[in-house]
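The stops below go through it one selection at a time.

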Amino acid sequence: MAAAGTLAGPRGDGGEQATRRRAGHRSVALVTVSCLVAALLAVPLAFLLIEASGAGISQVAHLIFRPLTWSLLWNTVRLAVAVTAACAVIGTSAAWCVERTDLPGRRAWAVLVVVPLAIPDFVVSFGWHSLWTWAHGFFGAVIVMTLAVYPLVYLPVAASLRMADPGQEEVARSLGSGRVKVFVRITLGQAKGALLGGCLLVTLVLLAEYGAFEILGYQTFTTEIFTEFNGYSFAASCALSLVLVLLSLLVLAGEGVINRNSGRVSRAGPLAQRVHPPQQLGWTRWPVLVLLSLLVLLALGLPVASTLYWMADGLPPALSGGANVSLPDAAGHTALYGTGAGALATVLAFPVALLAVRHRGRMRHLLERSTYLVLAMPGVVVAFALSYFTEKYLAGFGYGTALLLVACYAIMFFPLALVGVKASLARAPVSLDEVARSLGQRRLAVLFRVTVRLAGPGLVAAFCLVFLSAVTELTATLLLIPTGTQTLATQFWAYQSNLSYSQAAPFALVMIVVAAVPSYLLGRFFQRPGQARG
Amino acid sequence: MRQVAVTGLHKAFGTHPVLTGVDLEVPAGSLTAILGPSGSGKTTLLRLLAGFERADAGTIGIGDVLVDGPDVYVAPERRRIGYVPQEGSLFPHLTVEANVGFGLAARDRRGGKAASMLEAVGLGGLGKRYPHQLSGGQQQRVALARALAIEPAVVLLDEPFASLDAHLRASVRADVQEIFRRAGTTAVLVTHDQDEALSTADRVAALRDGKIAQYATPEDLYSRPADPGLARFIGEANLLGGVVRGDSVKTLLGTLRLDPAAAGLGSAGQVTVLIRPEQIDIMPNGPGLSARVISYRYHGHDAVLDVQPGTEAGAHQLVVRVTGGSPRPAGSEVSLRVRGPVFAWPAD
């Protein structure tokens, strides 16, 4: 006699099952809206493919298979490999030192090490190249980009080290593994997913970077697409864009495969209260302190100092208003476009995030994943596709307007907004919605009285992430800037292209300040969930 | 009068059937526990009652209203149900008072309704606090007050005490029972804890293989389960073979008096007899079946022994529960005797 505990329920006894609509039918609206968002995000890629197929395969092949492509590919790939490797080493080491050791001043370091992320890559590049002309080419690009983007590895690795279960390391020690072995086999294993994610971001940023490489005189796919586009060689830009997108897709897919094979990243539950006892550094704290100081000095101190140097050098002309666009005017436009982009991206991300967090199912998963395809679309490609799209299909309608620029930003930074909104929705569990509904509240009322209220701070954070990215964006801005206006980035670019360093410097400084302060606050916001709350 | 009526309820997730024809009638003003192991579909049943999921087939009635059935589906917010989820699920951004007043119309929120509800669950004066400032037991009471504030037709509780510490559980349980009794609330509680189900509920519905295997008072369910499988699920059970003779049954443990409810067996002949561990008395020696102690587990308030009846080599081990008395180390010889009437089913 089977005990009642066995779960051997009769199979296929469904009877009239599936004859009624499931409770999920009410999410049809959500799925529809999400599909529309995904469609909007797919516009640039779809347009590229349509254009390429319209041009004919032989034409595209002719444009792709030429010596220039191979040299661009070589330049792009070797830089990506070198910088990603350097970032992985620097980011992981710094994260371990700050999160897991008794390093003096850990809290201060945690901030100082991250702030360089807020400095636009092309400003870092400007900082080096304007001081020393030897900083150019491959060598210069490796130094500049490593210093500019290593926090992309540091941040996720530090977070995963902070949240990892200390029990695993202790067990490994008890089983007779030494410190080094534990670090390699357990600690790195726990952080592997985060490390890979960070490396992926670094690679994608490198593929999309324009300004920094232009200053350093280093030619990649992105700089070439930009040049071809400005020379009105649409077919060539289109063909090169396809290669670039393919490259990004390969990187994305590769990360997916490696990450799946590496197994689950072990995390302690959300209520992990136990923290790692810090490792004693002993005398090694001194070399560690020197190295970290050097890192911060080069990544943060040098660009800032360089900007200040050029400002001091040319103080009279900057104040005399010899510029054709005033600083406040450019800042105003920057803020306007950034705000628009932040709002639009957050609104677009909300339904997709809601679907991803609240509902399970293959179709929904696919939809969410598809929106990440935007990651493979460098800004230059999105901007190029959008501007060409308006020209070809909308008879130029919308071209040169702020709306197109804002839409371009929103598409480019959609994945950022999605990450932020998803994180914020995780604070509003579905069980609260159910309780609210059982208490007689309608769906829409629940959304505003519970979900949005709880997710509110996270939504603001998502907005800020996009805002910051838009403020420091250069490539797409240069291509889509409404006629007759300038932003901080484009005006900076105009001056530095003319080698008017002292006039460019104030714009760079304002961008640094505008980006750094909110980044610091954002960093604190995203750190908070790690700490026990209530 | 019945307050909740469920007939022929089916629910499958994909190809996996969870509920395969549940029938249940909950009397008004009573507390019913739905008892089942994890994965038995008891939470699904509760969510169907609440309207968070739709049934594939069957009907659900709450009060006089059909809320789920062919071509009928009433949204959760119009069912007048008070839902108390496992973790309480208080709104973290609202004060305790605002939580309790959440389901009230705006003008009622200002009145003292929320405060008086808090008073009723013994939390008067804590209205201005936030949920994270309360203990687990207090949070659970606030969740209850919030559910009761809307004067629901039925309160649904999903393992409401599972997240509480053992010492809190009993007192919160008793309080909840008392609050329900006073308010005359109809409530359905889902649990996998048989102790909780038997001690809290007026009636217990045992859920097995997607159906209600038995719906009865706790006493009936324990002493007169519908079949041997259910007997094993509700508490520990010794199941022995026996032969009926009139109103008694002859077993390994002697000739035992049959429970009147089992008297209908008539001359069924071969039966399966249920003897609960506490129905067996144990003595150092004397009349009765002699047996050897295999193991002795001391629990403080009682002790549980596995014993091997000595006469027949192949006989099953028996479980015996004794209160007090002297320790019986493994290997010692004892004699067994059964107290009171026993229940039985026809052998299969």
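Two strands pair if DSSP finds at least two bridges between them. The model is a predicted one, and this definition applies to its first stop.

**Stop 1: a hairpin in chain B**

Select residues 248-251 and 254-257 of chain B, which are the strands β13 and β14. They pair in the antiparallel sense, over four bridges. Which residue of β14(B) does K250(B) stand opposite? Show both side chains: the residue opposite K250(B) is T255(B). The link from β13(B) to β14(B) is a hairpin of two residues.

**Stop 2: an open sheet in chain B**

Now move to the sheet made by five strands of chain B, in the order β16-β20-β17-β18-β19. The sheet is open, and its pairing is antiparallel.

One pair to display is V293(B) with V307(B), its bridge partner in β18(B). While the side chains are on, keep in mind that in a regular strand they alternate between the two faces of the sheet.

**Stop 3: chain A as a whole**

Chain A has 24 helices and zero strands. It has 534 residues, of which 46% count as buried. Among the contacts in chain A with a separation of 6 or more, 82% are between residues 24 or more positions apart.

**Stop 4: two helices of chain A**

Select residues 430-438 (helix α20) and 443-471 (helix α21) of chain A. Are their axes oblique or roughly parallel to each other? The axes come within 10 Å and cross at roughly 135 degrees. Angles over 145 degrees count as roughly antiparallel and those from 65 to 115 as roughly perpendicular, and α20(A) and α21(A) are therefore oblique to each other. Their crossing is right-handed.

Next, show the side chains at the contact. From α20(A), these are L432(A), D433(A), A436(A) and R437(A). From α21(A), they are V446(A), R449(A), V450(A) and T451(A). Colour them by type: the contact of α20(A) with α21(A) has four nonpolar residues, one polar and three charged.

Key:
Residues numbered from 1 in each chain as written. Chains lettered and ligands numbered in written order. Predicted model: local features only at pLDDT ≥ 70, side-chain atom pairs only at ≥ 80, totals over all residues. Buried ≥ 20, exposed ≤ 12 C-beta atoms within 10 Å, placed from the backbone. Contact = placed C-beta atoms within 7 Å. Axes fitted to C-alpha atoms, helices over the stretch in contact; angles between N-to-C directions. Parallel < 35°, antiparallel > 145°, perpendicular 65-115°, else oblique. Left-handed = near helix turned anticlockwise from the far one by under 90°. Nonpolar A, V, L, I, M, F, W, Y, C, P; charged D, E, K, R; others polar.
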